[in-house]
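Please look over the sequence and the structure before reading on.

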Amino acid sequence: MRLSSSQRETLWAYIFLIPTLVLFGFIVLYPFIYAFYLSLLEWGIFGNSTYTGLRNYADMLKDNLFWKSIGITLHWTAGVVPGIIAISLLIALALNIPTLKLKGTFRTIYFIPVVTNMVAASFVWRWLFEPTFGVVNYFLGLLGLPEPGWLASTKWALPAMMVVGIWKQIGFAMVIFLAGLQTIPKEIKEAARIDGASRWQEFCRIVLPLLNPTIVFVAVMLVINALRVFTIPYVMSAGGFTYGVPGGPLNSTRVFVIHIYDLGFRQFNIGYASANAFALLLLIMSVTIIQMKLIERPFEY
Amino acid sequence: MRKGSLVLTWVILMSLCLVGAASPQVVIRHWQHHHESRTPVLESVAKEFEKRNPGVTIEFEPIPYDAYFDKLLTALASKTGPDVFQVPMGFGIEMSRSGLLAPVPESVFTTKEIEASFLPWTVSQFKYNGKYYGLPTDVQTLVMFVNDTLLKEAGLDPNKPPRTWSELIEQSRIVTKRDKSGKIIQGGLDTRYKWAVINLFLHQSINGPVVDVAKKRVTYGEREGLEAWNLIAQLMTGPEAVDSPTFLTGQMKFEQERAAFYINHPVTRGRLELNHPDIKWSVHHVPAPDGHDLSKPTTVGHHWAYVANAKTQNQKLAWQWIQFLASEEVQRKWVLESRDLPSLIRLVNDPELTPDLEAKIAMDSLQFARPFEGVGRNDVDEIRNEIWDNIVIGGMSVEKAVSAGAMAETNLIQRKLR
């Protein structure tokens, strides 16, 4: 049998794809299907498993902690993502000023948190937020402001962790915004200035619209990261030799991945934890699709 | 030339075969959580076992406590678990029934030998259907650590630490210091190890079972249990609190000399000696509820157990290794070097194991120990911690918080033991 040139090309394409597909099958597809299978079982590591159909999903919808952890995760996302975008965009705009000196140094400084070990950084932040002798409350005291209980308070623990979440990711977003800003043609800005546009008009009418694909990318990445957040609330609530409960105090920082972790690896309810993991997948997919529909704007120049 | 190559290949192959033959034939993978004073002892004991059993390698992996259960349970679920590992006594009932563990073979210990040799409470949780599934290690009680310097500074006598709950409240309040705004800057009692504080008071206060396994319920929602929770409320809330969640949140208060009293296991001596040699501390019996016999201050006994994986290919050898770990010879090392307590009855009154006053008090506390009661570990801790947090942080009434917690734990037990 003789294959046409295009058929041969297609065949070779599939042959080259085989290694990737095999890898994908083993490390993504198989665990994915197996996790779904687990979500249909009542399986508590120490005992035998029982097939329960969709009961885990039905129980999940009636579970107060499920809704509470979704609420906390969305709260985290709503606070952290806009915070990072606003601050990192400002920094990127500042670093994009042609006359600014020591650009490389500033970029490095802002990028350091991205490459800092998150567990170590969370420990340091925990000390900074310590209510009695911590640096944050020391300065608040000097300014005559109230000194919250931070990580020991159900009201302030999540905001304290959100500060760390913003600090950690500003550098990542800044680098991408900076790259996006540098792709905007100078000619368009120059033409606007000749036409008498102010700096603010230039930013609103030219820079922001042309930066839209970058903003969409950054926002989608940050939202996905925010919905999957684990390390910061875990370490700051329970890391180290402190006997703390992950997601504490009183579940006030129980983000969704901590909820799944707690169900699976502390309460050993693997089937129920798997069902919750699928709920997270659905949540991330839905939010990402809605987000792309809402903020993506086609443009041409 | 060709003949030379063949000879060389033959020599290399034979050498490889010889190396293979000389290398250890059996590997026992051993997992336990890391502890500063216990890990070095296990390393030296493993070397000794290997020396006495040529051809056997003990592949010891100390795992940080935070990650221990994640790693162990994932490995067991995926059938890649170690041959030998340790589990806390709270896992005993569930694990022994689960089929995950291999029972102690008669060739290692008969049931009668186990019952005649070990303190009954250090093996009872691992008995199921007439067989034993684990041998004890890391036997601990709860004792009270006192910072002698802070007590002297407060005008108290370190040799007369609190013996009753009332004295604990009184002395803790004397030691506690506050700044102008009323924030605690030096605490009376370091309560960060909530497990110890909660369970000590509960097991001291309740005369009957704390967890009634036969009836699948907890009893701490009743009068005696409420007394214990009220003591916690007295220590932790109001203007005379002796510790607070906002005081050195997540920090080691006792080790930083910011708290005078600390309730923890005797093994903590090993950690303090290694990491905090400058602190002047002493060990005492825990304070007892008012009106109780002060010569017998009830404390909580807790232990872990070494168990063998039912899936191990080397079950007999795995149990021989555990037998060695629980032997008199090795228990002496555990007691003297890592500051554990013994589980063998014949070692409990051995004067060689109590070279100083601290060791003697720790050993004596074994006489007053009642075993920890709880069906589970983290899940049980979370429920009891939540009661604490509801009272201390949430401002909930003791009765309401305890009632909700007792119901949650009873439901948990019923789900696990159905």
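## Terms and numbering

Two residues are in contact if their C-beta atoms, placed from the backbone, lie within 7 Å. This is a predicted model, in which local features need pLDDT of at least 70, side-chain atom pairs count only at pLDDT 80 or more, and totals for chains, interfaces and linings use all residues. Residues are numbered from 1 along each chain as its sequence is written, while chains are lettered from A and ligands numbered from 1 in the order in which they are written.

## Contact between the chains

Chain A contributes 22 residues to the contact, and chain B contributes 31 residues. On the side of chain A that touches chain B there are 11 nonpolar, 8 polar and 3 charged residues. In this division Ala, Val, Leu, Ile, Met, Phe, Trp, Tyr, Cys and Pro count as nonpolar, Asp, Glu, Lys and Arg as charged, and the others, Gly among them, as polar.

## Domains of chain A

Chain A has domain 1 (5-51) and domain 2 (63-295); domain bounds come from an automatic or database domain assignment. The centres of these two domains of chain A, taken over C-alpha atoms, are separated by 32 Å.

Where they meet, 10 residues of domain 1 of chain A are in contact with 8 residues of domain 2 of chain A. On the domain 1 side, helix H1 (5-38) and strand E1 (41-42) of chain A each supply at least two residues. Helices (H or I, at least four residues) and strands (E, at least two) are DSSP runs, numbered from the N terminus. H1(A) gives the largest share of that side, 3 residues. The side of domain 1 of chain A divides into 7 nonpolar, 2 polar and 1 charged.

## Domains of chain B

Chain B is divided into domain 1 (25-139 + 303-363) and domain 2 (143-300 + 372-416). Their centres, over C-alpha atoms, lie 28 Å apart.

In chain B, 17 residues of domain 1 are in contact with 20 residues of domain 2. The elements giving two or more residues to the domain 1 side are helix H4 (92-98) and helix H13 (357-365) of chain B. The largest share of that side, 3 residues, belongs to H13(B).

## A residue in chain B

Leu168(B) lies in helix H7 (residues 165-175) of chain B. Leu168(B) is buried because 24 other C-beta atoms lie within 10 Å; a residue is buried at 20 or more such atoms, exposed at 12 or fewer, and partly exposed in between. Beyond its neighbours within four places in sequence, Leu168(B) is in contact with Pro162(B) and Pro287(B).
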